[in-house]
Amino acid sequence: MLRTLIDTAVGLCRGSRGTIFIRNGDRIEARAFHSNVPHGLRDYILAHPVPLDGGEAIAATIRDGRIVHYPDLVSDPSLVPAGAREQAAFGALLCVPLLREGEAIGCFAVPRNDPVAFTEREIDLVRTFADQAVIAIENARLFAEVQAKTQDLAEALQMQTATSDALKVISRSAFDLQAVFSTLVSSAVALGGARTGAICVRDGDVFRYRDAIGAGQASALAGYLKDHPATPGRSTIAGRVLLSGKVERIPDCLADPDYVVPMGALASNVRSLLGAPLVAKDRVEGAIILTRDTPGHFSDRQVEIVQTFADQAVIALENVRLFDEVQARTKELAASLDDLRKAQDRLIQTEKLASLGQLTAGIAHEIKNPLNFINNFSALSRELMGELRAVLDKAPLADADREEAGDLIGMIDGNLDKVVSHGRRADSIVKNMLLHSRDGSGERGAVNVNAMVEEALNLAYHGARAEKPGFNVTIEKSLDPAAGEADLYPQEMTRVLLNLISNGFYATEKRKQSETAAGWEPTITASTRDLGASVEIVIRDNGAGVPDDVKAKLFNPFFTTKPAGEGTGLGLSLSHDIVVKQHGGAIDVATEPGAWTAFILTLPRGGTLP
C-alpha cells in the first residue's frame, strides 16, 4: 500500500523518485521506495538509517513535524549525504511529514534530479498522500490488534468450552470420580499439546494412578504405573510434584540422571514430561501428568491450562469429601449445597459466554451483506469514472481545465482504490469472525480420521443444542477401523465437517417442520471408508434433498438457498476450496430430492489424488 502511495504521489507531483521513511525510536528507516529509486541508492538508504537528531532534511521534517522544501540542492550539495549523491542526482527535495495526532511518525521524501522548485499544488498533493499513508499505517496497526485480540478470544473460548465440559461432568457425576478424572485428563491432553496423560490421587501414604489417556494407555508403562504407586521423591515426575507441591517439568527424561523409570523397556517414545499438583487446603492430594514424545519444555500457557484442570480435579475431590462428611454430619449440609450452587453458577456463566460467540457470528453475518454492497458499488464507480474520462477526452476543454479534470479524476480513482482496499480488509475481518478468528491453517500433520469425524459431530451437535435448546437429531456413525490417518490440516478439515454437519442439521430441521409421514425422524449419518491411498468421509442427512438446478450451484460463492440473514453462501464454497485446493482431494454431492443428501469427501492420505 505504501509503495502504491509513493508511486502515485511522485507521479502526480512530477518528482524523479521517492521514499517513505518511518520513525523507529531514535532512528528513521526507509519503509517503501518508488520504482525509480536506483538499487545503489536503495542499498545506501537501507544501510544508513537517519538519526533523529541529525541535520538531514528528513530528520528535520520528522523532528519538527513540518514540510521541508529545498528547491536548489545543486548550489548547496551539503544538504544531501555524499554517499547518496554518489548514487543519484539531487537537484531539489521535498519532505512532507506523516502526522498522527500532531506528531510526525515518518515522512515522504521526493527529490528531483534538476533544481526545479515544487509548486504549492504539488506540495498539497504530496501532503494528501502523506495523510493517506498515516491512515493506512493506523489501519494496519488496528487490524493487527484485532487479530491478536481475536486469537486471545479463540483460545479463551476453547478453554471455557473445555472447562464447561468438565464442570458438566462434575455436576452430573459429582461423586463418580473416575468419569471426572477421565474428562479432565482428556481435556488436559488435548489442550496441553501432549501425547499422553495420567492422574494420580492420594490413597493413604501413596498416590495411585486413577486414569491414563492417550497412546500407550494399555502398554507396559501403564501396567508399571499401576503396580508402582507414586511417592514423593526425585525418581519420577509425579514424585517430584508430590515432593515440591509445585509444577515440575522434565525437558528430556533420557538426559535426567535422577529419573529412574525404565523408559527404554516400557515406553521409548516418552521424552518430555509435565506435572501439576492437586492442592487442597495446603496439602498435595495428587498430580496430573502429561508426556510428549519429543524433548523440550512445555510452554507457560500449557502449564497454565494443566493447572486449571488440576484445580477442577481438586473441586471434584472436594465434592466427594463434602458428600462423605454430609452423610456423617448433617450440620454441614448447607455448606456442601452452597459449593454445588457455585459450581452450577460457573457452568451457567460459561454457557452464557458460549452464547456470546453465537451472537458475534450473527453480527458478522449481518455486516456481510452491506459490506458486499460497498465493495460492489465502489468497483462500479471506478468503471463509471473510466467512462467519464472517456467523455471528457472528447469534450472541447482548455488544456488547463483538461489537466485539472484529469488530476481530479485521478484523485477520485485513487480514493476509490482505497475504498475498495479497505472494504476488502473489512471483509477479511468479517470472514475471520465467521471462522472464529482463525490465524492460519495451523500445521499439517497425520490426523486420525475417525477421531476427527467424531469430534466434529460432537462439536456441531452441542453447538446446535446451545443455539436451540429444543433441537434434537439422531446421529448414526459407521466408521471404518481401517480409515486410519491422513496428512491434513486438522483445523481446516474440522471446519469443513462442521459446515456439512450443520447444513445437514438445517435440512432435517426444515423437513421436520413440514413432514407428515409417520415414523420419520431427523437423522445425520457419518461414515468413513478406507480407499487405500485415500480415505472417504460421507456426511448424509435425510432432509428434503437438493434439486438438480440447485445442486449445480452449491459450491458457487455467495449462493445459498437459505432465507436472507440465515446464510452468506460462503460455507460450501470455502469447504470446496479447503478440500480441493488445499488438500488436493475431491468433494461430491449425491442426493434424492425429497429424501436425502450426502456430501462425499475423498481425501488423499498424503499429497493429492491421482
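**Exercise 1.** Is D577 buried, partly exposed or exposed, and what is its relative accessible area?

*Solution.* The model is a predicted one, in which local features need pLDDT of at least 70 and side-chain atom pairs count only at pLDDT 80 or more, while totals for chains, interfaces and linings use all residues. Residues are numbered from 1 along each chain as its sequence is written, and side-chain values use heavy atoms, with hydrogens and water left out.

Step one is the scale: buried means under 20% relative accessible area, exposed means over 50%, and partly exposed lies in between (1.4 Å probe, protein chains only). Step two is the value: D577 has a relative accessible area of 27%, so this residue is partly exposed. Step three is the partner: the side chain of D577 meets that of K581 in a salt bridge (3.5 Å, N to O), where a salt bridge is a side-chain nitrogen of Lys or Arg within 4 Å of a carboxyl oxygen of Asp or Glu. K581, with a relative accessible area of 64%, is exposed. Both D577 and K581 belong to helix α16 (residues 571–582), 4 residues apart, which is about one turn of the helix.

**Exercise 2.** Describe the surroundings of I199.

*Solution.* Then list its contacts (heavy atoms within 4.5 Å): leaving aside neighbours within four places in sequence, I199 is in contact with residues including F181, V185, Y209, L278, I288 and A313. For a distance across the sequence, take P277, which is 78 residues from I199 in sequence and 9.8 Å away in space, C-alpha to C-alpha.

**Exercise 3.** Which residues form the negative surface patch, and which make the nonpolar one of about 410 Å²?

*Solution.* Patches are made of residues with over 30% relative accessible area and no salt bridge, like charges being joined within 9 Å and nonpolar side chains (Val, Leu, Ile, Met, Phe, Trp, Tyr) within 5 Å. Accessible areas come from the Shrake-Rupley method with a 1.4 Å probe, and for residues only the protein chains shown count as cover. Asp and Glu count as negative, and the place of a charge is taken as CG of Asp or CD of Glu.

The negative patch is formed by D399, D401, E403 and E404; E404 is in helix α12 (residues 399–434) and is partly exposed at 43% relative accessibility. The nonpolar patch is made by F373, F377, L380 and L384; L384 is in helix α11 (residues 333–394) and is partly exposed at 45%.

Terms used
Helix = DSSP H or I, 4+ residues; strand = E, 2+ residues; numbered from the N terminus.
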